[in-house]
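Good morning, and thank you for coming.

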2 protein chains.
Amino acid sequence: MPDESQPQHDSVGAWAKQYYFASRALIEATLREHGIGPTQWYVLHQLVNEGPTTQRELALALKIERATMSGVVSTLVRKGLVAQIPDAADQRQRILSVTAAGRTLWAGLPDPVALATAASFEGVDEADLAVARRVLQAATARLLEHLDS
Amino acid sequence: MPDESQPQHDSVGAWAKQYYFASRALIEATLREHGIGPTQWYVLHQLVNEGPTTQRELALALKIERATMSGVVSTLVRKGLVAQIPDAADQRQRILSVTAAGRTLWAGLPDPVALATAASFEGVDEADLAVARRVLQAATARLLEHLDS
DNA sequence: TGCTAATTGTCTGCTACCGTACAATAATCG
DNA sequence: CGATTATTGTACGGTAGCAGACAATTAGCA
């Protein structure tokens, strides 16, 4: 989604969007030189830190659809970073784990989220951060409520 | 990009992302029943309110790449909502304008951005909104600065 | 046990975004 | 004027996301 139109350009919502795009750009730029995208990074992060899991669990943890996960996983498999093995107990499920190549890549990878957070908020007043967090949290809750009805 | 991993889950950045996704979902849901996407809506909005412009100007205004605009425009042309006419003066440029069908559709369209803003922030304390806006604006500036270097 | 859910992952089709490279066209400078 | 450079839109490949439909498989209930 592109930039806001004029009337909303100064709203918190518009700035949340601006901020999100900027942080996303930084994260993507950080990862691009390593040849992976943000979601691929999140998947590796999860697998490295939580151990092998099913695609279903991974999709739940990262809050993306099974169909999306399916695509991301096949990309990672194609790159040889992740192995996708059918579960012996339940033939429907595929268990994912990081390959040796995946671990090697991971070892040389920065944490793009930590970098972005540091660049964004280091040294900013804690009370202000708390207010911003509260406002965004409440707004998100109201939007989700609105989406249900 | 999916959800944050644990350590950052309570940060302003994480909530900005959550908020962005929720607002995007509401905007997309609002527009889906009319058969267009958010970016298509922004393009129509711009063309209706600013009159015919070149693709270049439109891409600048909406802060998206020429390549992206090219795709969005060809979708709108395919739907018969926008006309793409080569400029007589400069054969490189294509001038975009809303067709009659486009205006008819536009007349029946809600403003999804205004709806989302209202659902998000109506009745929220103005001082808090100002703080949140300031924090996000500053963070965005810091990120963009970081991206330049 | 056997038929009917429900679950899991995939496939197709769509939107949307970027980066790189390219052809066509215009502008500029020697 | 002619060669170089800049601009404009497009093509292609990659990433990421959703919705809906589907086959395979499992679970649950009559």
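What rotation superposes chain B on chain A? Please bear in mind that this is a predicted model. The rotation is one of 180°, with 0.0 Å of shift along its axis, and the superposition has an RMSD of 0.1 Å. The two copies are thus related as by a two-fold rotation axis. If you wish to find that axis from chain B, look at B:Ala132: of the residues of this chain, B:Ala132 comes closest to the axis, with its C-alpha at 2.0 Å.

Let me now turn to the interface. Chain B contributes 60 residues to the contact, and chain A contributes 59 residues. Of the interface residues of chain B, 98% are also interface residues in chain A, so the copies meet through the same surface.

How much area do chain B and chain A bury between them? The figure is about 5,500 Å², and 69% of that area lies on carbon and sulfur atoms. I quote an area here because the size of an interface is often given as the accessible area lost when the parts come together.

There are polar features as well. Two salt bridges are found across the interface of chain B and chain A. In one salt bridge, the side chain of B:Asp128 meets that of A:Arg134, with 3.2 Å from N to O. Between chain B and chain A, ten residue pairs are in polar contact, counting pairs with both residues at pLDDT 80 or more.

Which elements of chain B give two or more residues to the side that touches chain A? They are helix H1 (12–32), helix H2 (38–50), helix H3 (55–62), helix H6 (112–121) and helix H7 (126–148) of chain B. By residue class, the side of chain B that touches chain A divides into 34 nonpolar, 14 polar and twelve charged residues.

I come finally to the sheets. In chain B, three strands form an open sheet with antiparallel pairing, in the order S1-S3-S2. Strand S1 (53–54) and strand S2 (82–86) of chain B are the edge strands, each pairing on one side only. S2(B) pairs with strand S3 (residues 94–98) of chain B over five bridges, in the antiparallel sense. Within chain B, B:Pro86 stands opposite B:Arg94 in S3(B).

Chain A likewise has an open sheet of three strands, ordered S1-S3-S2 and paired in antiparallel fashion. There, A:Ala83 stands opposite A:Ser97 in S3(A).

Thank you; I would be glad to take questions.

Definitions and conventions
Residues are numbered from 1 along each chain as its sequence is written. Chains are lettered from A and ligands numbered from 1 in the order in which they are written. This is a predicted model: local features need pLDDT of at least 70, side-chain atom pairs count only at pLDDT 80 or more; totals for chains, interfaces and linings use all residues. Side-chain values use heavy atoms; hydrogens and water are left out. Copies are superposed by least squares on the C-alpha atoms of residues with pLDDT of at least 70 in both. Contact means heavy atoms within 4.5 Å. Buried area is the accessible area (1.4 Å probe) that two parts lose on being put together, summed over both. A salt bridge is a side-chain nitrogen of Lys or Arg within 4 Å of a carboxyl oxygen of Asp or Glu. A polar contact is a pair of N or O atoms within 3.5 Å; within protein, one must be able to donate a hydrogen and the other to accept it, and residues adjacent in sequence count only if both atoms are side-chain atoms. Helices (H or I, at least four residues) and strands (E, at least two) are DSSP runs, numbered from the N terminus. Ala, Val, Leu, Ile, Met, Phe, Trp, Tyr, Cys and Pro count as nonpolar, Asp, Glu, Lys and Arg as charged, and the others, Gly among them, as polar. Two strands pair if DSSP finds at least two bridges between them.
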